Each structure stands twice: as structure tokens, then as C-alpha cells.
Amino acid sequence: MIIGLTGGIGSGKSAATAIFERLGIGCVDADHVAREVVEPGEPALASIVEHFGPDLLMADGTLNRGRLRERIFTNEPERLWLEALLHPLIRKRMTQQLAAQTSPYAILVAPLLFENDLDKGCEASILIDVPEEIQVSRVMARDNSDEAQARSIIKRQMSRADKRLRASYVIDNSGTLADLENALVALHQEIMAKLPTPSSETGKRHDD
Ligand code: ADP
């Protein structure tokens with residue numbers, strides 16, 4: 001069983017992931033996978049260099065992400081080309097990594113879980129949710145960014161209201177980290193209670 005985990009920037013996805021990992025739940029991060037598929041030696045990196053030119057590489061052979069972003073920022077066809085290349089590779093690798101997890105259920109962490117319809121491949125989804133003021137102050141403290149920067153990133157993301165409507169579980173993270181941990185331990189127990197037990201699986205097979 002796969003459970004999606006999402007939330008806006010600074011909502012506490014990384015904090016929540018660390019808590020699930022402490023509970024022994026395997027977590028796959030979509031952003032990490034997106035970086036892995038363009039590492040040196042990966043076919044996608046070769047395709048990008050062939051398409052955009054060798055100046056897309058840094059001196060050490062890694063992808064120059066800033067330059068790639070510039071090239072696709074105002075160029076819709078190029079952006080679509082890149083997405084058509086990367087999205088299937090990212091999905092495939094995410095699926096493989098999720099299938100390799102041995103915990104009772106696995107978590108797919110994705111900032112764009114809903115925007116990219118990744119929740120469609122999940123049994124349920126968890127939204128880590130905080131009011132925008134808290135989001136802004138936590139992002140500013142974490143990233144050393146200014147308020148305008150933080151607000152402009154938040155504005156470009158799907159609204160909190162839309163995410164709340166779409167999520168199976170909404171976890172409020174406006175309290176302390178200990179509060180978040182308590183809420184997630186309770187949710188973990190709820191999810192575990194819903195998992196089919198080995199005996200009920202056997203029973204189901206008998207019924208079939
Ligand atoms: P995300 O991964 O969603 O961008 P993070 O988990 O990195 O968000 O959280 C943003 C920042 O806020 C981090 O510095 C994190 O340590 C801090 N943080 C997260 N949850 C809490 C909390 N409940 N109380 C205080 N700080 C928190």
C-alpha cells in the first residue's frame with residue numbers, strides 16, 4: 001500500500017518524513033528521484049545534452065540546473081519536451097523504489113502530488129498543512145530567504161483550500177514538532193489498523 005504525502009513549501013514534509021522513517025516506514029521522495037534520473041551516466045542526461053547542447057553541463061559533468069531552468073522558463077515547447085523525457089523515467093523509478101520497500105506500507109513524498117496527479121497511484125494521501133503566515137516564517141528561517149521570495153513561491157503552488165479538499169488526511173502542523181509527531185503516530189496506527197492482516201488475506205483467498 002502506498003500513501004502520498006504532500007504540502008506546500010515549509011509546511012513540514014521533511015519533518016513528517018523523518019517521523020515516518022523513525023516509525024520504520026519506507027519513504028520515497030519524488031524530488032530525490034527527479035534528481036537521480038539526470039545524474040551523470042543516466043541516459044536522460046545524455047538526451048538533454050544532445051537536445052540543448054553541451055553548455056548544459058557543469059565542468060564536473062553534472063547538469064547545470066540553473067541554465068536548464070533558464071532555457072525552459074519562457075519556452076513552452078522546450079519545457080514540454082523536457083517533461084515528456086523526464087516524467088515517465090521519474091514515475092518508473094519511483095514505482096521501482098516504492099515496490100522495493102519492505103515496510104507494511106510505503107510513503108511517496110511529493111510537493112506536487114496533486115498537481116502531477118501522483119495521488120491517483122496512491123491508496124490515500126496526507127496533507128501537511130499550516131497557515132500561510134507560519135509557512136512564510138518557517139521558510140524564511142530555514143532558507144534565509146526574504147518574505148517576498150517565500151510568498152511568491154507559495155502563490156505559485158496549488159492553494160491550501162484545494163489541497164485540503166483533495167487530501168484523505170489533513171495534518172495540522174502549526175504546533176510544535178512534538179505535536180506533529182503525536183498526530184503522525186496516531187495516523188500511523190490508524191493506517192496500520194486498516195491494512196489487511198496476513199490471516200484476513202488468507203481468508204479472502206479462501207472466499208474467492
Ligand atoms: P517542507 O519539507 O514541507 O518544505 P520542512 O519539513 O523543511 O518543510 O519544514 C520547514 C521548516 O520548519 C524546517 O526548518 C523545519 O525544521 C521547521 N518545522 C517543521 N515543522 C515544525 C514545527 N512543528 N515546529 C517548528 N518548526 C517546524
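**Salt bridges in a predicted model**

Let me begin with Arg 166, which at 32% relative accessibility counts as partly exposed, a term that covers the range between buried, under 20% relative accessible area, and exposed, over 50%, with a 1.4 Å probe and protein chains only. What we are looking at is a predicted model, in which local features need pLDDT of at least 70 and side-chain atom pairs count only at pLDDT 80 or more, while totals for chains, interfaces and linings use all residues. Residues are numbered from 1 along each chain as its sequence is written, and side-chain values use heavy atoms, with hydrogens and water left out.

Which residue does Arg 166 meet in a salt bridge? The partner is Asp 117, at 2.8 Å from N to O, where a salt bridge means a side-chain nitrogen of Lys or Arg within 4 Å of a carboxyl oxygen of Asp or Glu. Arg 166 lies in helix α8 (residues 160-166) and Asp 117 in the loop between β3 (106-109) and β4 (124-129), so the pair ties together parts that are 49 residues apart in sequence; helices (H or I, at least four residues) and strands (E, at least two) are DSSP runs, numbered from the N terminus. Asp 117 is partly exposed too, at 36%, and a network of salt bridges links Asp 117, Asp 119, Lys 120 and Arg 166.

Let me turn to helix α5 (residues 76-99), where Glu 83 and Arg 79 sit four residues apart, about one turn of the helix, and form a salt bridge whose closest N and O atoms are 2.7 Å apart.

By this rule, the count comes to 16 salt bridges.
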